[in-house]
Amino acid sequence: MGRGVEETLLHFASRRARQLGWQRLRVEGLATPRNKPCLDFFARMLGPANDGASAWSVRDEVALPLHVQLHA
């Protein structure tokens, strides 16, 4: 964590969701001490988890970290 991998995966997932015609991404996680960093990341990136999940409109693009390049 902390090297841009999570942001890159979320960027790719949101881009793919738009290609598939989806409108939202939803992330569900179990609230445990070991999962807290991951759940905090999703809450920060996608919004607060109301029902144990975070959701994000794929209309808004998740920025790819500047130091990351994706190649097809």
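Val68 counts as buried because its relative accessibility is 18%, where buried means under 20% relative accessible area, exposed over 50% and partly exposed in between, with a 1.4 Å probe and protein chains only. This residue is placed in the segment after β2 (53–57). Helices (H or I, at least four residues) and strands (E, at least two) are DSSP runs, numbered from the N terminus. Between Val68 and Gly4 the C-alpha to C-alpha distance is 7.5 Å, although 64 residues separate them in sequence.

The model is predicted: local features need pLDDT of at least 70 and side-chain atom pairs count only at pLDDT 80 or more, while totals for chains, interfaces and linings use all residues. Residues are numbered from 1 along each chain as its sequence is written, and side-chain values use heavy atoms, with hydrogens and water left out.

Helix α1 comprises 15 residues (residues 5–19). Within α1, the buried residues include Glu6, Leu10, His11, Ser14 and Ala17. After the helix comes Gly21, with a positive phi near 85 degrees.

Thr8 also lies in α1, and it counts as buried because its relative accessibility is 13%. Leaving aside residues up to four places away in sequence, Thr8 touches Leu64, Pro65, Val68 and Leu70, contact meaning heavy atoms within 4.5 Å. Thr8 and Leu64 are 56 residues apart along the chain, yet their C-alpha atoms are separated by 5.6 Å.

## The largest nonpolar core

A nonpolar core is a set of buried Ala, Val, Leu, Ile, Met, Phe, Trp, Tyr and Cys residues joined through side-chain atoms within 4.5 Å. The largest one here has 10 residues, namely Leu10, Ala17, Leu25, Val27, Phe41, Phe42, Leu46, Trp56, Val58 and Val62. At least two residues of this core come from each of α1, β1 (24–28) and α2 (36–46). The largest share, three residues, is supplied by α2.

## The aromatic pair

One aromatic pair is found in a search of the whole structure. Phe41 and Phe42 form this pair, which is edge-to-face, at 5.3 Å centre to centre and 65 degrees between the planes. Rings of Phe, Tyr and Trp (its six-membered ring) pair if their centres lie within 6.5 Å; planes under 30 degrees apart count as stacked, over 60 as edge-to-face and the rest as tilted. Both Phe41 and Phe42 are buried.

Notes: Expected span 1.5 Å × (residues − 1).
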